[in-house]
Amino acid sequence: MALPTYDFDFVKGETFDLTVDYKDSAGAVINLSSGYTVTMTGRTEADSSSTLFSVSNSSGITLASTSPNITIRLSSTVTAGIAAPNSGVYDIRVAQTGPTPDVVKYILTGKFTVYEAVTSG
């Protein structure tokens with residue numbers, strides 16, 4: 001089964017928010033409020049050694065027990081640090097930290113484009 005994809009755009013220096021529901025095989029939202037680590041990483045290419053951004057539930061990602069159970073925020077500081085115009089790929093990784101720490105799932109992937117702002121503040 002192919003990994004679900006979602007492509008998005010944002011302007012350098014703006015705050016970008018994304019919500020995701022991670023569900024079990026029966027379609028029920030999984031309680032991610034404890035026992036999970038979620039990471040989202042963006043690179044120019046999947047095999048690139050450098051990242052354009054990386055956020056996790058220790059900074060930039062909020063996990064919950066109900067829908068949406070993953071809320072991702074790329075802060076204006078994070079997006080301001082990405083050269084524009086630019087594009088790349090990302091994925092979202094969910095790791096269960098207990099009781100079975102070896103359970104890892106990639107739940108979403110896609111492409112993103114960063115645009116330069118026209119209006120400055």
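Is Phe 10 buried or exposed, and what is its relative accessible area? In this predicted model, in which local features need pLDDT of at least 70, side-chain atom pairs count only at pLDDT 80 or more, and totals for chains, interfaces and linings use all residues, Phe 10 is buried, with a relative accessible area of 1%. Residues are numbered from 1 along each chain as its sequence is written, and side-chain values use heavy atoms, with hydrogens and water left out. Buried denotes under 20% relative accessible area, exposed over 50%, and partly exposed the range in between, with a 1.4 Å probe and protein chains only.

Phe 8 is likewise buried, at a relative accessible area of 4%. Phe 8 and Phe 10 form a stacked aromatic pair, with 6.1 Å from centre to centre and 25° between the planes; rings of Phe, Tyr and Trp (its six-membered ring) are taken to pair if their centres lie within 6.5 Å, and planes under 30 degrees apart count as stacked, over 60 as edge-to-face and the rest as tilted. The pair of Phe 8 and Phe 16 is also stacked, because the ring centres are 4.4 Å apart and the planes stand at 15°, and both of these residues are buried. Eight aromatic pairs are present in the structure, and one aromatic cluster is formed by Tyr 6, Phe 8, Phe 10, Phe 16, Phe 53, Tyr 90 and Phe 112.

With regard to strand pairing, strands (E, at least two residues) are DSSP runs numbered from the N terminus, and two strands pair if DSSP finds at least two bridges between them. S1 pairs with strand S8 (residues 104-115) in the parallel sense over four bridges, and Val 11 stands opposite Tyr 115 in S8. Strand S7 (residues 86-96) pairs with S8 in the antiparallel sense over ten bridges, where Asn 86 has Val 114 of S8 as its bridge partner.

Leu 3, found in the segment before strand S1 (8-11), counts as partly exposed because its relative accessibility is 33%.
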